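Below is a short briefing on one protein chain. It covers charged side chains, nonpolar cores and model confidence, in that order.

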Amino acid sequence: MIPDNKINWIKNRLVATISFIDGTVRSDSVKVRINVMITNPTDDDIRATWMPTPDDYPIRLYCNGKQINPFPAEPVDRPLSTVMPPSDEQLLANRYVIKAKEHMKSPIPLGLAIENSRLLTGTHTYEIVYWQTQLDWIDVRDVLERTDAQGRGRMRYPITDNAPSNRLYFKVYKPTEEDAARGRKIEFLGEVDAKTQVPPPPRARPGDFAPQTGYWSAVGDSIRAIGGYHEVFVKGGDSMPNLPGNLGVDPFSFEWQYVGDASAKQGESGQ
């Protein structure tokens, strides 16, 4: 989704870490359970809320670079600018504070049920992305009203880009009709190690492990909307970053493309 004139992105200082618990094959779906831990790595207390926006499930599913809706009956493609933020009453009722250097773990596991009809035939690697947006909207709005840098009434969605700790990969086998006729059933094949078992793509999103050391440039519709040339130097095996500075970019709307050993910037180191 490309930010429009009502939407911008700010970086979320909170870190979301997800980890596998298990996967279960049921009669009509595959259920994957994960633990979520929210960390404040800064030296300041951070106020957050259990009422984040955009109003969408924080766990998202991908395969072969394309998003999969686990629940086909529920539409998911709507403009973010039409999503209303929570009311102040809702925020105040759901506020909490994560103190400096503190960790908070979800009291119960989060589950993602994928209907069997949404799984691709054959053996495929699926990716779970946890999109953590729990900064306090009242605080975000107060900052905007003081600076008015983005124009009055403009929404800013706080996002996290600390993956791969907020990304998980797993494999599922779904039989063809011929295999099913011979008695083969859906199998959950377990967690996949992103560093060693996920083929490096020609491009990488924020949080993906860098396939090789060198300079990477930002590409995609959201980067073109912002304008300018954005480049980073990343060592192979490290996590690909979001943009530096205060500006955050929707991690589902842009990618890093490998430039090479030398910077493409003229007269700059790129680091």
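Glu231 is buried (under 20% relative accessible area, with a 1.4 Å probe and protein chains only; exposed is over 50%, and partly exposed is in between), yet Glu231 has no salt bridge. A salt bridge is a side-chain nitrogen of Lys or Arg within 4 Å of a carboxyl oxygen of Asp or Glu. The nearest side chain of opposite charge, Lys265, is 5.3 Å away; Lys and Arg count as positive, Asp and Glu as negative, and His and the chain ends are not counted.

This is a predicted model, in which local features need pLDDT of at least 70 and side-chain atom pairs count only at pLDDT 80 or more, while totals for chains, interfaces and linings use all residues. Residues are numbered from 1 along each chain as its sequence is written, and side-chain values use heavy atoms, with hydrogens and water left out.

**Surroundings of Glu231**

- Glu231 lies in strand S16, residues 231-234; strands (E, at least two residues) and helices (H or I, at least four) are DSSP runs, numbered from the N terminus.
- The side chain of Glu231 makes a polar contact with the side chain of Tyr229, at 2.8 Å.
- A polar contact is a pair of N or O atoms within 3.5 Å; within protein, one must be able to donate a hydrogen and the other to accept it, and residues adjacent in sequence count only if both atoms are side-chain atoms.
- A polar atom of the Glu231 side chain also lies 3.1 Å from the backbone nitrogen of Ala264.

**Salt bridges**

- The structure holds nine salt bridges.
- One of them joins the side chains of Lys99 and Asp45 (3.9 Å, N to O).
- Lys99 sits in the loop between strands S7 (95-98) and S8 (103-105), and Asp45 in the loop between strands S3 (29-39) and S4 (46-49), 54 residues apart.
- Lys99 is partly exposed, at a relative accessible area of 47%, and Asp45 is partly exposed, at 46%.
- Glu127 and Arg205 form another salt bridge (2.4 Å, N to O).
- Glu127 is in strand S10 (residues 122-130) and Arg205 in the loop between strands S14 (203-204) and S15 (214-219), so this pair ties together parts that are 78 residues apart in sequence.
- Both Glu127 and Arg205 are buried.
- Asp208 and Arg167 also meet in a salt bridge (3.7 Å, N to O), and both are buried.
- Glu127, Arg167, Arg205 and Asp208 are linked in a network of salt bridges.

**Nonpolar cores**

- A nonpolar core is a set of buried Ala, Val, Leu, Ile, Met, Phe, Trp, Tyr and Cys residues joined through side-chain atoms within 4.5 Å.
- The largest has 27 residues, and those with the most contacts inside it are Leu61, Tyr126, Ile128 and Phe170.
- S3 supplies the largest share of this core, five residues.
- Leaving aside neighbours within four places in sequence, Tyr126 is in contact (heavy atoms within 4.5 Å) with residues including Leu61, Ile68, Leu120 and Phe170.
- A second, separate core of 11 residues includes Ala210, Trp216, Ile223 and Leu243.

**Confidence**

- The predictor's confidence in each residue is its pLDDT, from 0 to 100.
- The chain has a mean pLDDT of 80, and 74% of its residues reach 70 or more.
- Confidence is lowest in strand S11 (residues 155-159), at a mean of 62, and highest in strand S13 (residues 187-192), at 96.
- Over residues 1-5, pLDDT stays under 50.
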